[in-house]
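Trainee: Could we go through this structure together, one question at a time? I would like to see how each answer is reached.

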Amino acid sequence: MQNKCGQFFTSYRQENRLFKTWFERFWLLVLFVGLILYPLCFDSYVLQLCMINIAIIAAVSLNVLTGACGQISLGQGAFVGVGAYAGVWFVQSGAAMLPEWMFVVFGGPFIPAILCGGLVTALVGMFFGIPSLRLKGIYLAIATLAAQFILEYVFLHWKSVTGGHSGMAVPAPEIFGYTFDTYPRMFYLTLACAVLMVYLATNLMRSKPGRAFVSIRDHHLSAEIVGVNLFWYKLQAFAVSAFMAGVAGGLWAHTARYLTPSPTFGIGLSISYLAMIIIGGLGSVLGAVYGAIFISVLPICLDLLAELVGGFFPELATPIKATKGGVFGLVLMLFLIFEPEGLAHRWRLIKAYWKLYPFAH
Amino acid sequence: MEHLLEHIIIGLALGSVYSLVALGFVIIYKATKVVNFAQGELVMVGAYICFAFTVQAGLPFVASFLLTLIFSVILALAIERLALRPLIGEPIISVIMVTIGMSAVLKTLVQLFWGTTKKNFPEVLPDVTVKIGGLPLEIEYIAAFILALLLFVIFSLFFKYSRKGVAMRATAFDQLAAASMGIGIKNIFAMSWCIAAIVSCFGGVIVGVIQDINTDLGHVGLLVFPAVILGGLDSLLGAALGGLFIGVLQKVCEGAAHEYLGLGGFGNVASFLFLVVILMIKPYGLFGTEEIERV
């Protein structure tokens, strides 16, 4: 954590603050005011902004597991899918199972259903996390790959819950009688959830479990020796990560309002989440946010480019759109080779440069 | 199950493709400890290049096949030099992700050049059917099986007796010691990629001859993981046997699930369920090197 030269704390409270300077707090406020005003002033790209919020939640969740705890997961996309289906099921058929007081406190089935969907996903995640005690590195990656394929098959064939190949429609969420039936409304809901989840993840990382995760990633033997229970904390990492992924999934279902299992929650989604945390910077919560934004904005930029070029050379528009996957792969490779510590690291370097400018040394 | 024999034989043919892809995978892992998620895309590129030379350029099959081999060697060298070598010493997730990124790039390139429609290979082998156990079987399947077997024998002998093969095994065993004995580690890495590309290229052409090719062919690189894990990540024999076994398992489970449970497309999931079981009880596979560690 780099702070300004000459910034002196006089109490622990000041030092423990997430945003330590007025400068940071001011610009954060400006950012949120801007985000809140955006759907009121413009009506294009609001759906994409919702999806970016959801991607942020999912990327931050994967970052807890892979970035902080070092357990590679190729199944995060499927976990998001589990959350999506479980959330919708709890809103529709499973609402009777929820206790009465939840409806009163949370103003309807939506919030409890999303949370229960997250819990179901956490259980599924913990189940697939059990092998992590014995498996490391590539073996765990392959085990989670297996989870991805198995869950995808379940989505396709458990027709009574998921609707199978043809998919199913999802009703608009309702909280205290207020219906989130348009994209701008969903944008505020997803934004609130994303902020909450990023806040939770940040605080998790600087509390006891977060430190334990990092120690497991850095050296599992030393972690065990200093008293970190490997199995318990690995399971915890899987559970927390899957819970957040499940919440992201529930929001996804209610934003898209229509769920088809494949290829929505396929291996491609898992890979793009991994790409987000790598491009953003492994282990850094803020990095996951940058990465999620970057990877979500990339295809939008390619579409814009295709439109722009298509104006002059119409025959080039389709090939440019078709290169999305390749550009994604290329960006990923270039980041891994030239900036393995990701956008978060680059951002720190830029900040340090301007802080010291013009006296770099 | 009346079709059991049929499922087993088709499974063996499918398994021989798996064996080839797994062989390429294991060769790379053994020598360089790189887990190559782009193995399937190497297969796909091989198949498409061969298609281009045979159909689009109109060359005879043998000539185009040799040209395809040369092309895949060049491609493998480029991949190793440009993408993998800068990552030596990086954590495993970086290496995995770079191969995943590469697979996306290769797939997009193939789609740009050849589109996403199915392509048909010309008839290479005579249209003969052989009866095995009272079952008519096209000669392509038998050729695939024999070719896989042949390649496996050749590479086993290569690793056991040739100078380069011994050098590769030495590198796999202990890089530092091998380097100090005068083995060029970088050349070994490059060579293992070349061999893997050649083997995958064989796999691609076999798939092309058996059925038609499309851009989802790269998927086979992921489906081959159960085979590799069953055999052990660093064992050639394991890759060959694991590939055959997983091929049979897939076809038999698919047939059984279809007949008794009415589930379609169960084969791939069956092999992944099996993979989870292996990982739980014997994570280093049948013939893999066990890393023993007590905590």
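Mentor: Gladly! Let us begin with a term: a salt bridge is a side-chain nitrogen of Lys or Arg within 4 Å of a carboxyl oxygen of Asp or Glu. Please keep in mind that this is a predicted model.

Trainee: With that cut-off, how far apart are N and O in the salt bridge of Lys107(B) and Asp216(B)?

Mentor: The cut-off for a salt bridge is 4 Å. The side chains of Lys107(B) and Asp216(B) meet that rule, with an N to O distance of 3.6 Å.

Trainee: How many residues apart in sequence are the parts that Lys107(B) and Asp216(B) tie together?

Mentor: Look at where each partner sits. Lys107(B) belongs to helix α4 of chain B, while Asp216(B) is in the loop between α8 (185-210) and α9 (220-223) of that chain. Lys107(B) itself is partly exposed, at 28% relative accessibility. The pair therefore links parts of chain B whose separation in sequence is 109 residues.

Trainee: Is Glu80(B), the salt-bridge partner of Arg85(B), buried or exposed?

Mentor: Arg85(B) and Glu80(B) join their side chains in a salt bridge at 3.0 Å, N to O. Arg85(B) is buried, with a relative accessible area of 19%. Buried means under 20%. Glu80(B) has 3% relative accessibility, so Glu80(B) counts as buried.

Trainee: Which residue forms a salt bridge with Arg346(A)?

Mentor: Start from Arg346(A), which is partly exposed with a relative accessible area of 42%. The closest N and O atoms of the pair are 2.7 Å apart. The partner is buried, at 12% relative accessible area, and its name is Glu339(A).

Trainee: How many salt bridges does the structure hold over all chains, and how many does the rule find across the interface of chain B and chain A?

Mentor: Over all chains, the structure holds six salt bridges. In general, side chains of opposite charge can pair when their charged atoms come close. Across the interface of chain B and chain A, however, the number found by the rule is zero.

Trainee: Which helix gives the largest share of the side of chain B that touches chain A?

Mentor: Several helices of chain B each supply at least two residues of that side: α3 (61-84), α4 (92-114), α10 (225-231) and α12. The largest share is 13 residues, and these come from α4(B).

Trainee: What percentage of the area buried between chain B and chain A do carbon and sulfur atoms give?

Mentor: Consider the contacts at the interface: 42 residues of chain B are in contact with 41 residues of chain A. The rule finds one residue pair in polar contact across it, both at pLDDT 80 or more. The buried area is about 3600 Å², and the part given by carbon and sulfur atoms is 84%.

Trainee: Which side chain makes a polar contact with the side chain of Ser271(B)?

Mentor: Ser271(B) is in helix α12 (residues 267-281) of chain B, and at 0% relative accessibility it counts as buried. A polar atom of its side chain lies 2.7 Å from the backbone oxygen of Asn268(B). Beyond four places in sequence, Ser271(B) is in contact with Pro226(B), Ile246(B), Leu249(B) and Gln250(B). The side-chain partner, in a polar contact of 3.4 Å, is Gln250(B).

Trainee: What is the area of the nonpolar surface patch that includes Trp347(A)?

Mentor: Trp347(A) is in helix α17 (residues 342-356) of chain A and counts as partly exposed, at 41% relative accessibility. Trp347(A) makes the patch together with Ile350(A), Tyr353(A), Trp354(A) and Tyr357(A), and its area is about 590 Å².

Trainee: Which residues does Leu35(A) touch, not counting those up to four places away in sequence?

Mentor: Leu35(A) lies in helix α2 (residues 22-41) of chain A and is partly exposed, at 23% relative accessibility. The residues that Leu35(A) touches, with those up to four places away left out, are Phe187(A) and Leu191(A).

Trainee: What is the phi of Lys33(B)?

Mentor: Lys33(B) sits in the loop between α1 (4-32) and α2 (39-56) of chain B. Lys33(B) is partly exposed, with a relative accessible area of 43%. Although Lys33(B) is not a glycine, its phi is positive, at about 60°.

Definitions and conventions
Residues are numbered from 1 along each chain as its sequence is written. Chains are lettered from A and ligands numbered from 1 in the order in which they are written. This is a predicted model: local features need pLDDT of at least 70, side-chain atom pairs count only at pLDDT 80 or more; totals for chains, interfaces and linings use all residues. Side-chain values use heavy atoms; hydrogens and water are left out. Helices (H or I, at least four residues) and strands (E, at least two) are DSSP runs, numbered from the N terminus. Buried means under 20% relative accessible area, exposed over 50%, partly exposed in between (1.4 Å probe, protein chains only). A polar contact is a pair of N or O atoms within 3.5 Å; within protein, one must be able to donate a hydrogen and the other to accept it, and residues adjacent in sequence count only if both atoms are side-chain atoms. Contact means heavy atoms within 4.5 Å. Patches are made of residues with over 30% relative accessible area and no salt bridge: like charges are joined within 9 Å, nonpolar side chains (Val, Leu, Ile, Met, Phe, Trp, Tyr) within 5 Å. Accessible areas come from the Shrake-Rupley method with a 1.4 Å probe; for residues, only the protein chains shown count as cover. Buried area is the accessible area (1.4 Å probe) that two parts lose on being put together, summed over both.
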